[in-house]
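This briefing goes through a single protein chain by topic.

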Amino acid sequence: MPLTTNKEAARKDLLRLLEGLEHYRSWAISAIEQERGKVTQEDLNQIVVPSSFFLEAFDNAKGKSANFILNEVRQWYSHTASDFRQLSANPAYAVEIERYLKRFKEDFGYDFFAASNFAEMTAKKVVARGKITTEQEYEALVELEKDPLQSIVSSEDMAKLVKLFRDFEESS
């Protein structure tokens, strides 16, 4: 029974986060339509897959795999929050992003950035430990290296993480 209860609680959290993900997806698609007149498959590939993809994967997951799906969605929030921070530096985007984030909080009752701390928490844990111990940690953090403008971790911690990435890659 406890395993079922844990999965039910995780599913409830996942559904809450997926509502926000779908809200963002609709907003991003609308913004592309306004800017370009149409949305291409390439545009859709750059946004995020529909929430139904994550929900189906979660429902079909066995054991701890369900937590992996939930963490994937949390990770998406982290990376998207980082994108928002970067884009907000440009006055052309800042006002629209601020409006979106305010509307998001009103619609869902939680702050987008509050839901986005998965990568940051994972990075702090890995840096403190001095070692990446799982493939999931590696996958959650290695994307940060590809984004020179990321704002999730400090440049000092990023330098430590890069070394830990190489150590993990060599041991795998």
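**Largest pocket and overview**

The largest pocket has a lining of 33 residues, and Tyr24, Ala28, Gln46, Ile47 and Asp83 lie nearest its centre. A pocket here is an open set of points on a 1 Å grid over the protein atoms alone, where a 1.4 Å probe fits, with protein on both sides within 12 Å along at least five of seven lines; lining residues have an atom within 4 Å of a point. The model is predicted: local features need pLDDT of at least 70 and side-chain atom pairs count only at pLDDT 80 or more, while totals for chains, interfaces and linings use all residues. Residues are numbered from 1 along each chain as its sequence is written, and side-chain values use heavy atoms, with hydrogens and water left out.

- Helix 1, helix 2 (41-47), helix 4 and helix 5 each give two or more residues to the lining of the largest pocket; helices are DSSP runs (H or I, at least four residues), numbered from the N terminus.
- Helix 1 gives the most to this lining, with 10 residues.
- The space in the largest pocket is about 1200 Å³, a volume being the space filled by probe spheres set on the points, which are joined across faces, edges and corners.

**Nonpolar cores**

- In the largest nonpolar core, of 30 residues, Tyr24, Val73, Tyr77, Phe84 and Phe112 touch the most other members; a core is a set of buried Ala, Val, Leu, Ile, Met, Phe, Trp, Tyr and Cys residues joined through side-chain atoms within 4.5 Å.
- Helix 1 (2-36), helix 3 (51-60), helix 4 and helix 5 each supply at least two residues of this core, and the largest share, 10 residues, comes from helix 1.
- A second, separate core of 16 residues includes Val126, Ile132, Val153 and Leu164.

**Helix 7 and Glu137**

- Glu137 is in helix 7 (residues 135-146) and is buried, with a relative accessible area of 7%; buried means under 20%, exposed over 50% and partly exposed in between (1.4 Å probe, protein chains only).
- Leaving aside neighbours within four places in sequence, Glu137 is in contact with residues including Val126 and Ile132, contact meaning heavy atoms within 4.5 Å.
- Thr134 caps the N-terminal end of helix 7, with a side-chain oxygen 3.0 Å from the backbone nitrogen of Glu137.
- The buried residues of helix 7 pack against helix 4 (65-88), helix 6 (118-129) and helix 8 (155-171).

**Asn117**

- Asn117 is in the loop between helix 5 (91-108) and helix 6 and is partly exposed, with a relative accessible area of 31%.

Methods: A polar contact is a pair of N or O atoms within 3.5 Å; within protein, one must be able to donate a hydrogen and the other to accept it, and residues adjacent in sequence count only if both atoms are side-chain atoms.
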